[in-house]
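Hello,

Here is the structure I promised to pass on. My notes follow below it.

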Amino acid sequence: LTDISIPDGVTNIGPGAFDGCTKLASIDLPKGLTSIGREAFWGCTGLTDISIPDGVTNIGPGAFDGCTKLASIDLPKGLTSIGREAFWGCTGLTDISIPDGVTNIGPGAFNGCTKLASVTYKGVTYHSRNELLSALSNNNVTVESGFAGKFEGTALKDYDNNNKNPE
């Protein structure tokens, strides 16, 4: 299985649906999709990019965990929750934009994304983990820590007050 197109009418990608499909390189998701379940694409090491439809409000725990070649992902505007370890170990991911409507980011959601060096939120690009966490907190976004920490093992610096760039 190298590529797949999910048919219209599918609203949820269930838990573990494509777990371990290491050769899956691309997937076309339907516009009516609302949720991506726990570990839906866990270990899909061949997946390079994915565009998530605007109707998706929830990305489940570990949904893209270990997708090491995932270099780009478009998070939908309607997204409200990013689950625990959702993108853990996505070592190809270099930047991401968190939609304004996100209210919860689970523990370790972006941990181990070793090349993740910038995160854009509300029109500001952050290169500092602490500045990003402060901005999220100031906008009532819960970033859970649990055992996994917050944006640990990324290329984001701890502090970099001079490196916020408006988009």
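What percentage of the 167 residues in the protein chain is buried? Buried residues make up 47%, where buried means under 20% relative accessible area with a 1.4 Å probe, protein chains only.

First, the ground rules. This is a predicted model, so local features need pLDDT of at least 70 and side-chain atom pairs count only at pLDDT 80 or more, while totals for chains, interfaces and linings use all residues. Residues are numbered from 1 along each chain as its sequence is written, and side-chain values use heavy atoms, without hydrogens and water.

Overall form: the protein chain has one helix and 14 strands. These are DSSP runs, with helices (H or I) of at least four residues and strands (E) of at least two, numbered from the N terminus. The C-alpha atoms fill a box of roughly 45 × 30 × 25 Å along the principal axes. The radius of gyration of the protein chain is 15 Å, which agrees with the value near 15 Å for a compact globule of 167 residues. That radius is taken over C-alpha atoms, and the globule rule is 2.2 Å times the number of residues to the power 0.38.

Cysteines: the count is zero disulfides, a disulfide being a pair of cysteine sulfur atoms within 2.5 Å. For C67, the nearest cysteine sulfur is that of C44, 5.1 Å away. C67 is buried, at 0% relative accessible area. For C90, the nearest is that of C113, 5.0 Å away. C90 is also buried, at 0% relative accessibility.

Best wishes

Terms used: Buried means under 20% relative accessible area, exposed over 50%, partly exposed in between (1.4 Å probe, protein chains only).
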